[in-house]
Amino acid sequence: MFILENKSLINYFRRKLIDWETKNFADFPWRFCTNKWHSLAVEIMLQRTKAEQVLPVYGDFCSKYQEPKLYYKDKTANIFNSLGLQQRNKEFKLLAKELTNKQIPETKELLLKLPGVGEYVASAYLSLHQNKRSVIIDSNAVRLYGRFWGFNTDGETRRKKWFIKLSDKLTPERKFYYYNYGLLDLPRSICKIKPNCNCCPLKKKCKYFNNQ
């Protein structure tokens with residue numbers, strides 16, 4: 001793939017994204033969380049959900065459920081009601097039940113065996129909360145990569161082998177923490193569906209910007 005051969009452009013993309021994120025890091029409370037249960041839970045809440053919607057729910061969740069067994073034993077618990085994602089609660093209850101008697105796994109392979117934990121949640125938990133390199137792929141990353149590098153995307157792009165390979169190549173071995181948060185924060189604030197390109201740190205070499 002032509003992108004993988006362009007090392008100078010890869011380095012430019014990484015450097016600009018990481019530099020921007022270190023200066024624009026969004027201080028959501030879960031980004032400073034040390035409770036592993038809360039960290040895993042919030043990534044499930046955040047999946048396909050806006051961070052601003054999760055804020056009040058997360059605060060309430062943390063104050064009521066310090067550990068998995070408290071959530072499992074509460075028959076009325078359903079943190080997803082107010083997020084409009086009631087269907088997630090069944091699996092989340094199963095997750096709480098399973099984690100009542102064991103520790104949260106430390107590898108992606110074992111995390112993926114947990115109820116309600118898919119590729120995105122496992123990768124986000126590891127790279128953003130446990131300081132372990134993992135590749136984050138979501139609609140934000142697809143949009144940012146597609147625009148910058150100039151390739152077409154659709155609803156299936158994230159699942160394609162070439163895109164997964166590309167995402168792995170672009171994710172640095174070091175500084176992946178700020179890089180991955182940059183993949184979430186830059187599309188959330190600048191590279192939105194209707195982008196604000198003039199404020200983007202990547203615009204100088206972005207295919208989308210330069211083709212306008």
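**Figure 1. The largest pocket of the predicted model.** The largest pocket has a volume of about 1,100 Å³, a volume being the space filled by probe spheres set on grid points joined across faces, edges and corners. On a 1 Å grid over the protein atoms alone, a pocket is an open set of points where a 1.4 Å probe fits, with protein on both sides within 12 Å along at least five of seven lines, and lining residues have an atom within 4 Å of a point. Of its 35 lining residues, R48, Y120, D138, S139 and N140 are the closest to the centre. Helix 11 gives the largest share of the lining, five residues; helices are DSSP runs of H or I with at least four residues, numbered from the N terminus. The lining comprises 14 nonpolar, seven polar and 14 charged residues, where Asp, Glu, Lys and Arg are charged, Ala, Val, Leu, Ile, Met, Phe, Trp, Tyr, Cys and Pro nonpolar, and the others, Gly among them, polar. This is a predicted model in which local features need pLDDT of at least 70 and side-chain atom pairs pLDDT 80 or more, while totals for chains, interfaces and linings use all residues. Residues are numbered from 1 along each chain as its sequence is written, and side-chain values use heavy atoms, without hydrogens and water.

**Figure 2. The second largest pocket.** Its volume is about 190 Å³. Residues lining this pocket include W37, P68 and Q103. Helix 3 and helix 5 (68–73) each give two or more residues. By class, the lining has four nonpolar, four polar and four charged residues.

Figure 3. T171 sits in the loop between helix 10 (161–170) and helix 11. T171 is buried, at 2% relative accessibility (buried: under 20% relative accessible area; exposed: over 50%; partly exposed: in between; 1.4 Å probe, protein chains only). Its side chain comes to 2.7 Å from the backbone oxygen of S167.

**Figure 4. Surroundings of K203.** K203 is in the loop between helix 11 (176–189) and helix 12 (207–210), and is partly exposed at 29% relative accessible area. A polar atom of its side chain is 3.0 Å from the backbone oxygen of N198. The C-alpha atoms of K203 and F148 are 8.1 Å apart, across 55 residues of chain.

**Figure 5. C191 and C200.** The structure has zero disulfides (cysteine sulfur atoms within 2.5 Å). The sulfur of C191 is 6.2 Å from that of C200, its closest cysteine sulfur, and therefore too far for a bond. C191 is buried at 7%, and C200 is buried at 13%.

Key: A polar contact is a pair of N or O atoms within 3.5 Å; within protein, one must be able to donate a hydrogen and the other to accept it, and residues adjacent in sequence count only if both atoms are side-chain atoms.
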